[in-house]
Amino acid sequence: MTELMTRLMTRLMTRLTAPPAVRNRAVRLGVPGRPWRRMGSGPPGPSVTVVVPGVLALAAGLWNLSGPPLWRDEAATISAATRTLPQLLHLLHTVDLVHGVYYVLMHVFVAVFGTGDVALRLPSVLAGVASAAGVGVLGRALGNPRAGLYGGALLAVMPVFSRYVQEARPYPLAMAMTVGVSLLLLRALREPSRMAFAVYGMALAGLAYVNLFAFLVAGAHGIYVVWSRGPVLKWLGAVAMALAAVAPFAALTSAQSAQVSWIRSPGAGDVGMLVVQLFGDLGATSPAWLGVAPLAGGLALLAISRHAPRGGRDRRDRRESQEGRESREWRGGRGERLVGLALPLAIVPPLALLTVSWVDHPIYVFRYVFCCVPAAALLAGAGLAALPRRAALALLVAGLGLSIPGHLLTRGPDGRQDDPGPVAAVLAAGAKRGDAVLFVPDKARKYELVYPEIFGRLDDVALKRSPQRDGSFGGRDVGPLVLATRLAGVRTLWVVGHTGKVATASKRLNLVRGSFVPTGRWTSRGMFVARYEAPVAR
């Protein structure tokens with residue numbers, strides 16, 4: 001697959017790096033009245049800046065899409081999306097309202113395409129394709145189509161990109177919407193009508209309903225508007241409209257803040273890992289700096305050093321022809337505008353979450369700011385665009401080579417926080433119909449929907465109320481006395497749960513240990529299954 005991606009990248013970009021003998025052949029454009037142009041002498045066309053990153057992103061997203069295990073967060077997506085709409089609303093009333101819009105969208109999707117691994121993750125792949133192609137459009141809109149082309153291609157080959165576009169969660173959709181909202185901002189700045197800013201404001205509100213923390217991109221947009229001397233008052237009006245639409249949603253989700261109580265305060269290591277992940281690596285390889293992030297980060301620094309914003313109005317003559325506009329953008333001034341938008345987009349949301357986590361309550365997790373990765377890729381693309389074309393293509397291929405270990409890691413059994421596959425395999429081989437199962441903690445019950453053919457033949461001995469009726473992911477368990485009564489008639493009990501202090505200290509597990517004899521225990525990444533047998537009466 002990596003060889004295929006390398007060939008694809010090389011062939012699609014041959015036009016941009018053709019030898020002088022080929023580039024110097026003049027070709028007549030099929031438009032009357034236009035001058036002769038030389039192949040490769042101008043910026044890449046709109047189709048190239050969109051198609052190349054999009055095709056690369058599609059190849060990366062589909063590569064072994066069913067390989068990574070469905071982990072606990074994806075199990076939550078299955079649990080939410082397979083409920084009826086009344087059951088889903090009941091769930092959102094108690095937990096995960098922040099992901100409610102995504103769950104509703106997935107409810108419609110799985111009703112048509114089912115809950116297979118590939119079908120479940122396909123919307124995220126398509127969102128990743130839109131993001132990579134959107135980076136190409138964004139670069140062109142900022143006057144540097146070559147930076148957009150290179151940045152979109154870099155985004156597509158980043159391991160962290162594959163990590164999140166190959167899971168059924170809302171973060172790739174938020175990433176695609178962030179790119180789209182940024183394009184709407186540029187459109188509003190070029191044609192500053194009330195309607196243009198109203199559309200921008202509505203899109204910004206929609207982004208917040210998909211990922212509340214992604215609304216922080218508005219701060220980055222504000223920096224760009226002020227720097228470019230755009231219509232600040234109109235922009236403020238659009239943001240105020242978006243805030244008014246988002247405020248009730250934010251208030252309701254804040255009432256469920258206990259569900260993120262597990263987040264710890266970030267330290268210096270988390271800040272360093274943020275940089276590694278923003279520029280494309282997983283942050284989990286050892287050593288972490290041997291991936292694509294050093295290359296992408298260095299290219300971004302090159303772009304910043306060459307095109308640091310110095311102020312000035314983002315003017316554009318609306319009466320000039322499309323060809324004249326592209327020609328003027330190609331001659332100069334494009335890098336400064338790009339850095340002026342991409343740099344705040346890459347750093348403002350993460351810095352805001354880190355600051356709140358340090359001064360108030362820990363809320364920083366990288367996936368909450370995954371939407372900033374395209375901006376970092378665009379900065380790196382601007383660095384490539386400042387180099388000769390042959391050197392740029394060579395570095396792109398080098399970046400693909402550096403990313404291969406990360407791609408293999410994220411598609412392997414250790415690519416997610418937990419791996420229920422080996423646990424399910426043990427149950428499939430050893431559990432018999434009529435055996436009992438106990439989930440520790442009860443949230444591990446989400447895996448019943450991931451492996452229904454296995455758990456469907458077991459008796460959920462602790463269940464009092466199903467997750468659907470309870471409006472939760474774990475359901476409601478019976479108390480210790482009732483559980484002890486139910487366990488009295490059990491011959492073989494399987495305990496399934498998450499490794500860690502919560503599972504180890506479980507009172508239910510202590511009750512099991514006092515009544516049963518352990519006969520086996522198997523662990524995988526973040527998961528365990530243990531078998532207990534009732535003692536034989538003498």
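Biologist: Leaving aside neighbours within four places in sequence, which residues is Ala-534 in contact with, and what makes them contacts?
Modeller: Ala-534, which lies in the segment after β9 (527–533), is in contact with Val-490, Arg-491 and Phe-516, and these count because contact means heavy atoms within 4.5 Å. The model is predicted, with local features requiring pLDDT of at least 70 and side-chain atom pairs pLDDT 80 or more, whereas totals for chains, interfaces and linings use all residues. Residues are numbered from 1 along each chain as its sequence is written, and side-chain values use heavy atoms, with hydrogens and water left out.

Biologist: Why is Ala-534 called partly exposed?
Modeller: Its relative accessibility is 23%, and the label follows from the classes, in which buried means under 20% relative accessible area, exposed over 50% and partly exposed in between (1.4 Å probe, protein chains only). Ala-534 therefore falls in the middle class.

Biologist: What makes Asp-418 and Arg-72 a salt bridge?
Modeller: The closest N and O atoms of Asp-418 and Arg-72 are 2.4 Å apart, and a salt bridge asks for a side-chain nitrogen of Lys or Arg within 4 Å of a carboxyl oxygen of Asp or Glu, so the pair qualifies. Asp-418 lies in the loop between α19 (389–410) and α20 (421–430) and Arg-72 in helix α4, so the pair ties together parts that are 346 residues apart in sequence. At 0% relative accessibility Asp-418 is buried, whereas Arg-72, at 26%, is partly exposed.

Biologist: Which residue forms a salt bridge with Glu-74, and what does the pair tie together?
Modeller: Arg-121 is the partner of Glu-74, with the closest N and O atoms 2.9 Å apart. Glu-74 belongs to helix α4 and Arg-121 to helix α7, so the bridge ties together parts that are 47 residues apart in sequence. Both Glu-74 and Arg-121 are buried.

Biologist: How do you know that Arg-445 and Asp-477 are buried, and what network of salt bridges includes them?
Modeller: Arg-445 has a relative accessibility of 2% and so counts as buried, and Asp-477 is buried as well, with a relative accessible area of 16%. Their side chains meet in a salt bridge at 2.8 Å, N to O, and Arg-445, Asp-460, Asp-477 and Arg-508 are linked in a network of such bridges. In total, the structure holds 11 salt bridges.

Biologist: Why is the pair of Tyr-164 and Phe-370 called tilted?
Modeller: The structure holds 10 aromatic pairs. In the pair of Tyr-164 and Phe-370, the ring centres are 4.7 Å apart and the planes stand at 40°. Rings of Phe, Tyr and Trp (its six-membered ring) pair if their centres lie within 6.5 Å, and planes under 30 degrees apart count as stacked, over 60 as edge-to-face and the rest as tilted, so the pair of Tyr-164 and Phe-370 is a tilted one. Tyr-164 is buried at 8% relative accessibility, Phe-370 is buried with a relative accessible area of 0%, and ring pairs link these two residues and Phe-366 into a cluster.

Biologist: What makes the charged end of Arg-521 count as sitting over the ring of Phe-528?
Modeller: The charged end of Arg-521 is 4.3 Å from the centre of the Phe-528 ring, and the criterion requires NZ of Lys or CZ of Arg within 6 Å of the ring centre and within 35 degrees of the ring normal. Lys-446 likewise lies over the face of Phe-473, at 5.6 Å from the ring centre.

Technical notes:
Helices (H or I, at least four residues) and strands (E, at least two) are DSSP runs, numbered from the N terminus.
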